[in-house]
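Open the model in your viewer and keep the residue selection tool at hand. The stops below say what to select next and what is there.

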Amino acid sequence: QATSDRLGQIVADEALASLEEAEAAWNPEIAAALEACLGRLPEDSRQAVRLRYWEDLAPADIAGRMGRNAATVRVWLMRAREMLYRCVTARMAGGQA
């Protein structure tokens, strides 16, 4: 289970890091699922994800920009990756997570 969860997090990380490419040239279904799932995140988590993966900021830099501590940002990012992995996986399997 732990190996499967870790693999899922790696996939979610790669998907997030590639979203702009995905929208342009990658599987449009995955890009659409990821975008829909991003919309379901709490606002703080969504903003942290966008700063991390679109602007390539480190958690400490995100924390400074958002007025939070770095540990909080790391937790938001971890939870967001987990939620995005589950949501995108479910959407790609035909469910609406």
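**Start just after H5**

Select Gly 67, which follows directly after H5 and takes a positive phi of about 70 degrees. Helices here are DSSP runs of H or I with at least four residues, and strands are runs of E with at least two, numbered from the N terminus. This is a predicted model, in which local features need pLDDT of at least 70 and side-chain atom pairs count only at pLDDT 80 or more, while totals for chains, interfaces and linings use all residues. Residues are numbered from 1 along each chain as its sequence is written, and side-chain values use heavy atoms, with hydrogens and water left out.

**Helix H5**

Now select residues 59–66, which make up helix H5. Which residues of H5 are buried? They are Pro 59, Ile 62, Ala 63 and Met 66. Buried means under 20% relative accessible area, exposed means over 50%, and partly exposed lies in between (1.4 Å probe, protein chains only). Look down the axis of H5: its buried residues fall within an arc of 100 degrees, so they line one face of the helix. The arc is taken over the directions from the helix axis to the C-beta atoms. Turn to the face away from the buried side to find the exposed residues Ala 60, Gly 64 and Arg 65. The buried residues of H5 pack against H4 and H6, where contact means heavy atoms within 4.5 Å.

**Where H4 meets H6**

Select residues 43–53 for helix H4 and residues 70–92 for helix H6. Their axes are 9 Å apart and the packing angle is about 95 degrees. Axes are lines fitted to C-alpha atoms, for helices over the stretch in contact, and angles run from 0 to 180 degrees between N-to-C directions. H4 and H6 are therefore roughly perpendicular to each other (the class for 65 to 115 degrees; under 35 is roughly parallel, over 145 roughly antiparallel, and the rest oblique).

On the H4 side, show Asp 44, Ser 45, Ala 48, Val 49, Arg 52 and Tyr 53; on the H6 side, show Trp 76, Leu 77, Ala 80 and Arg 81. The residues of this contact divide into six nonpolar, one polar and three charged. Ala, Val, Leu, Ile, Met, Phe, Trp, Tyr, Cys and Pro count as nonpolar, Asp, Glu, Lys and Arg as charged, and the others, Gly among them, as polar.

Zoom in on Ser 45 in helix H4. Is Ser 45 buried or exposed? At 8% relative accessibility, Ser 45 counts as buried. Leaving out residues up to four places away in sequence, Ser 45 touches Trp 76 and Ala 80.

**Salt bridges**

How many salt bridges are there? The count comes to five, a salt bridge being a side-chain nitrogen of Lys or Arg within 4 Å of a carboxyl oxygen of Asp or Glu.

- Select Arg 50 and Glu 35, whose side chains meet in a salt bridge at 3.0 Å, N to O. This pair links distant parts of the chain, with Arg 50 in helix H4 and Glu 35 in helix H3 (residues 28–38), 15 residues apart. Arg 50 is partly exposed at 30%, and Glu 35 is partly exposed at 31%.
- Select Glu 43 and Arg 46, with their closest N and O atoms 2.6 Å apart. Arg 46 is buried at 18%.
- Select Arg 52 and Asp 56, with their closest N and O atoms 3.9 Å apart. Asp 56 is exposed at 63%.
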